[in-house]
Amino acid sequence: MGSHAVTAASRATAPSIGLGDIERARDRIAGRVRATPLLRSESLSAETGGAVHLKLEQLQITGSFKLRGATNAILKLSDGERGRGVVGVSTGNHGRGLAHAAKEAGVRCIICMSTLVPQNKVQGIEALGAEVRIVGDSQDDAQVEVDRLVAEEGMVMLPPFDHPDIIAGQGTLGLEILEALPAVETILVPLSGGGLIAGLALAAKALKPAVRVVGVSMERGAAMYACIKAGKPVMVPELPTLADSLGGGIGLDNRHTFALVSQLVDDILLVSEAEIAQAIRHAYWQEKQVIEGSGSVGIAALLAGKLHSPGITAVLVSGCNIDMSLHHRIVSGEDVDVTAP
Ligand SMILES: *Cc1c(COP(=O)(O)O)cnc(C)c1O
């Protein structure tokens, strides 16, 4: 294990989600989400000496896997909850997934955001069929409005990762990978709040206990990595990064993902901004794929040689929602620095 790795401590917490929940999630969301392809990458296989396969989940409807969890959670609502609708604060991939899943299920969806959110993000969420409510000038103000809608109107708040139905929905990726590539030895997974890796690792290890599941985060603001090292959820400052969908904390009151990541994840690797940019370029020029920074961290770790003896590896490519002018600058070879003030 390298200097950028931590070993997950084993914790004696009863798992709140099992393989059965993930299998039922797959049946529930079938036909509403895409089963995305898993393709062998000749360039990454040659580059690393392993047999590298890419799970192209950036081709998912709404551009990321977040649709899986959101769809599963919305389809599990009771009739009363469906009638009252769902709320969220995310303007990123979770908000997009939630908005689309709610519209498809005929459920009202309100996304609360502050005046700081750029107009194109507001329009993006509205175009997916959600109501946008602009409140105050911080994320906290938006959260106050969410809490009010939950308390006074009985709407259901669906969080981006720390929820059993969200985790089970993301876990359907583990089933798809193991079915497409039963010989897989290692799975590389972008890691932020941990809903994705928790569900995926639960499914993958239930089907094949020996499979190694490795999280990848950016060096700048790797919240779960810091929490695992500390042995408990801690506050981690959010920093600008090309992997913007991986920003934010895991919640000091984390209920599910911290314990699951502690139990199930074999290792966490960190990648630099330059390594992320290089992975975006590689994906574009070698694989002909447009991927966002957060979606590219697994490729970044491989190209940087951070995974020792890759063997038969599946890399989850998690999303494609990147500003296309930024993408253009990166793939044109410009030395883009989003961390500069
Ligand atoms: C949300 C997200 C992640 C991380 O998922 P978690 O469940 O928070 O760990 C990774 N990649 C993309 C593109 C995302 O939107």
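The protein chain as a whole averages a pLDDT of 93, with 95% of the residues scoring at least 70. This is a predicted model, in which local features need pLDDT of at least 70 and side-chain atom pairs count only at pLDDT 80 or more, while totals for chains, interfaces and linings use all residues. Residues are numbered from 1 along each chain as its sequence is written, and side-chain values use heavy atoms, leaving out hydrogens and water.

We can now turn to the interior. A nonpolar core is a set of buried Ala, Val, Leu, Ile, Met, Phe, Trp, Tyr and Cys residues joined through side-chain atoms within 4.5 Å, where buried means under 20% relative accessible area (1.4 Å probe, protein chains only). The largest such core holds 43 residues, of which Ile187 and Val189 touch the most other members. Among the elements that each supply at least two residues of this core are helix H8 (164-180), strand E7 (186-190) and helix H9 (195-207); helices (H or I, at least four residues) and strands (E, at least two) are DSSP runs, numbered from the N terminus. H9 gives the largest share, eight residues. Apart from this core lies another, of 32 residues, including Val52 and Ile322. Beyond four places in sequence, Ile187 touches residues including Ile177, Leu200 and Ala314.

Elsewhere, helix H3 (residues 66-75) meets helix H5 (residues 93-105) through residues that include Leu67 and Ile74 in H3 and Leu98 and Ala101 in H5.

Notes:
pLDDT is the predictor's confidence in each residue, from 0 to 100. Buried means under 20% relative accessible area, exposed over 50%, partly exposed in between (1.4 Å probe, protein chains only). Contact means heavy atoms within 4.5 Å. Axes are lines fitted to C-alpha atoms, for helices over the stretch in contact, and angles run from 0 to 180 degrees between N-to-C directions.
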